[in-house]
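Here are my notes on this one, point by point. Have the sequence and the model open while you read.

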Amino acid sequence: MKPTLFLLAAGMGSRYGGLKQLDGLGPNGETIMDYSIYDAINAGFGKLVFVIRKDFEQDFREKIISKYEGHIPCELVFQALDNLPEGFTCPAERTKPWGTNHAVMMGADVIQEPFAVINCDDFYGRDSFQVMGKFLSALPEGAKNTYSMVGFRVGNTLSESGTVSRGICGTNADHLLTSVVERTKIQRMDGEVKYIDDNGEWTATPDTTPVSMNFWGFTPDYFAYSQEFFKTFLSDPKNMENLKSEFFIPLMVDKLINDGTATVEVLDTTSKWFGVTYPEDRQSVVDKIQALVDAGEYPAKLF
C-alpha cells in the first residue's frame, strides 16, 4: 500500500492573506507546495490529503486541487474551531485554530495507511521525500507505534536574514528520537551555528545536529492516541483560558515517546530546507529553485 501525504494547509487564506503558500516562486509560477507534491509522487506516495478551512474550499479546489488531479488522487478535510470531542465546547472568544496536531486529527476518516505530514510552505527537497517514502513503504501491513521524522541538519535550515526557530532533536544510539526542544533563536555566528539556551546564553551546536521541520511519518493508530490526549489537553483549564493555546504535533509525539508507547526514527537527509521566513528571503528562494531547475533536478514546468 502506498503511503499518503497529508498537507497542513489550514492556515492558507488567513495568516498570510493566502499569499505565502500560493506565491509563485518557480520559473512558471510554481509554489513551494508544487515542488513537495512533485517530490512526493516521485518518492512513491499514492494520495494527497489537504486539511483546510471550510470557507476556503471553493478557491482551493479551483486554484490548487485542479492542478494535481490526473497526477494523484486528492482529498480535502476541514479544520474547524468547534470540531472538538464530545463534552467540550470552544470558548466563544477563541479565533485561533487548535494547532497542528488538531489539524492532523481531521484526517482520521480518510487515511487508513501509513502517512507523512508536512507544512505547505516549507521546501523540503527531493531526498527528504525519498527517505520518508522508503521508511513508510517498508512498514509491514498493520504496523503500529513505529513512527519517523525527517531530521534536517541544522546547518541546512538557516535563514540569511535573521534568526529561526527550530525543534532541536535529541537521539539515542539507534537514531530514535528522545526529545525535541524548541529553540526560538538560532543563527550562524562567527562560522558556528548557535542558539540561545535556557540561561539566555548563546550556545554552539554542530552543523549536523538534527532539527524538526514538521515532516513526520505516522501509522493510522496515531489518530486514536491524538483523540484521547486532546481530551486531556482540553481538560486543563489553562489551555481553555489561554485563547492562543495550541495542540502541537511535538506535544503528542513527546508524550508517546515518554510513555514508551511509540518509537520515532530520525531519518537523516542531505536535503537543504528553505522557505520564506522573512520577506527578504523571497528572492533567495526564487534563486535557489532556479538553480535546482538549471541543474536538472526539476523540470521547468512541474504540472
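1. Start with Asp 190, which is exposed at a relative accessible area of 77% (buried means under 20%, exposed over 50%, partly exposed in between, with a 1.4 Å probe and protein chains only). Asp 190 belongs to the loop between β8 and β9 (192–196); helices (H or I, at least four residues) and strands (E, at least two) are DSSP runs numbered from the N terminus. Its phi is positive, about 50 degrees, although Asp 190 is not a glycine.

2. A word on what you're looking at: this is a predicted model, where local features need pLDDT of at least 70, side-chain atom pairs count only at pLDDT 80 or more, and totals for chains, interfaces and linings use all residues. Residues are numbered from 1 along each chain as its sequence is written, and side-chain values use heavy atoms, with hydrogens and water left out.

3. Confidence, then. The protein chain averages a pLDDT (the predictor's confidence in each residue, from 0 to 100) of 92, and 97% of the residues score at least 70.

4. Is Asn 214 buried or exposed? With a relative accessible area of 12%, Asn 214 is buried.

5. Helix α2 (residues 32–42) is largely enclosed by the rest of the structure, because 8 of its 11 residues are buried. Among them are Ile 32, Met 33, Tyr 35 and Ile 37, along with Asp 34 and Asp 39. After α2 comes Gly 44, with a positive phi near 95 degrees.

6. Ser 148, in strand β6 (residues 146–153), counts as buried because its relative accessibility is 0%. What is Ser 148 in contact with, leaving aside its neighbours within four places in sequence? The list is Met 132, Phe 135, Trp 216, Gly 217, Val 264, Glu 265 and Leu 267.

7. On cysteines: the disulfide count is 0, taking a disulfide as a pair of cysteine sulfur atoms within 2.5 Å. For Cys 120, the nearest cysteine sulfur is that of Cys 74, 12 Å away. Cys 120 counts as buried, at 1% relative accessibility.

8. The second largest pocket holds about 400 Å³ of space. For the bookkeeping, a pocket is an open set of points on a 1 Å grid over the protein atoms alone, where a 1.4 Å probe fits, with protein on both sides within 12 Å along at least five of seven lines; lining residues have an atom within 4 Å of a point. Its volume is the space filled by probe spheres set on the points, which are joined across faces, edges and corners.

9. The lining of that pocket has 21 residues, with Asn 156, Lys 272, Trp 273, Phe 274 and Lys 288 nearest the centre. At least two lining residues come from each of α5, β8 (177–189) and α9 (282–294). The lining divides into 6 nonpolar, 8 polar and 7 charged residues (Ala, Val, Leu, Ile, Met, Phe, Trp, Tyr, Cys and Pro are nonpolar, Asp, Glu, Lys and Arg charged, and the others, Gly among them, polar).

10. Last, Pro 279 lies in the loop between β13 (274–275) and α9. Pro 279 is exposed, at 69% relative accessible area.

Conventions:
Contact = heavy atoms within 4.5 Å.
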